[in-house]
Amino acid sequence: MRAGGRSLEALGGLLVFLVVLSPGAAQSPADFQGRFDREPDSVQKVKLLQKLGDAQLEEARRAGKDGNHDAVGLTLEKYRDNVRTALEALKKQHPNAEKHSDGYRRLEFQVRKGIREVDETLLVAPEAYKPPLQIVRQDLNGIEEELLRLLFPHRPVEQPPPAPPGDKQP
């Protein structure tokens, strides 16, 4: 029985070792950026953006903890530019988002995550660093609105509320 317990421990240790050394764990944001820049397929580009974006957001968090607010701003601006690049590639290769929604939905999810991250960063950023972050936030919000319009083009348009009945003249 004791030998069986040791083999299970060894197997568990091997699994942990393999997970730590998996190819995705060893890649840096620069590696993901290179793959993202070279990827010709727009849906694959969005899938890479999910990994790249997560790495960039983590890099921005680390820089914020270290007090390097210039790096936070530059990293989030690069993230926004990558999101915009992925959206343009999707619109070029798959103009009908309703029929080819996978990439658009993945991108919308990633943009939502980026908006949350920028919002959290804005809460703790010094006043001098907030204006560029607010621009990134506005840009990401605009991209999200565009994605929603592309995914759901037949949504009812928001209309102003009807006038109260007492305002009508005979």
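Modeller: Let's start with L107, which touches V46, L49, V83, A86, L87, L90 and L147, leaving out residues up to four places away in sequence; contact here means heavy atoms within 4.5 Å. Keep in mind that this is a predicted model, where local features need pLDDT of at least 70 and side-chain atom pairs count only at pLDDT 80 or more, while totals for chains, interfaces and linings use all residues. Residues are numbered from 1 along each chain as its sequence is written, and side-chain values use heavy atoms, without hydrogens and water.

L107 also belongs to the largest nonpolar core, which has 32 residues, and is listed with L76, V83, Y104, V111, L140 and L147 as having the most contacts inside it. Such a core is a set of buried Ala, Val, Leu, Ile, Met, Phe, Trp, Tyr and Cys residues joined through side-chain atoms within 4.5 Å. Buried means under 20% relative accessible area, exposed over 50%, and partly exposed in between, with a 1.4 Å probe and protein chains only. Two or more core residues come from each of α2 (29–38), α3 (42–65), α4 (69–93), α5 (101–124) and α6 (130–151), with α3 giving the most, 9 residues. Those helices are DSSP runs (H or I, at least four residues), numbered from the N terminus.

Now for the pairing of α4 and α5. Their axes come within 11 Å and cross at roughly 165°; axes are lines fitted to C-alpha atoms over the stretch in contact, with angles from 0 to 180 degrees between N-to-C directions. That makes α4 roughly antiparallel to α5, a label for angles over 145 degrees. On the α4 side, the residues that meet α5 include V83, A86, L87 and L90, while L107 and Q110 are among their partners in α5. By class, this contact has 11 nonpolar, 4 polar and 1 charged residues; Ala, Val, Leu, Ile, Met, Phe, Trp, Tyr, Cys and Pro count as nonpolar, Asp, Glu, Lys and Arg as charged, and the others as polar.

Q110, also in α5, is buried, with a relative accessible area of 2%. Beyond its neighbours within four places in sequence, Q110 contacts L49, Q50, G53, D54, L57 and Y79.

That brings us to D54, in helix α3. D54 is partly exposed, at 34% relative accessible area, and touches L49, Q110 and K113, again skipping residues up to four places away. D54 and G114 sit 60 residues apart in sequence, but 8.7 Å apart in space, C-alpha to C-alpha.

Conventions
Parallel < 35°, antiparallel > 145°, perpendicular 65-115°, else oblique.
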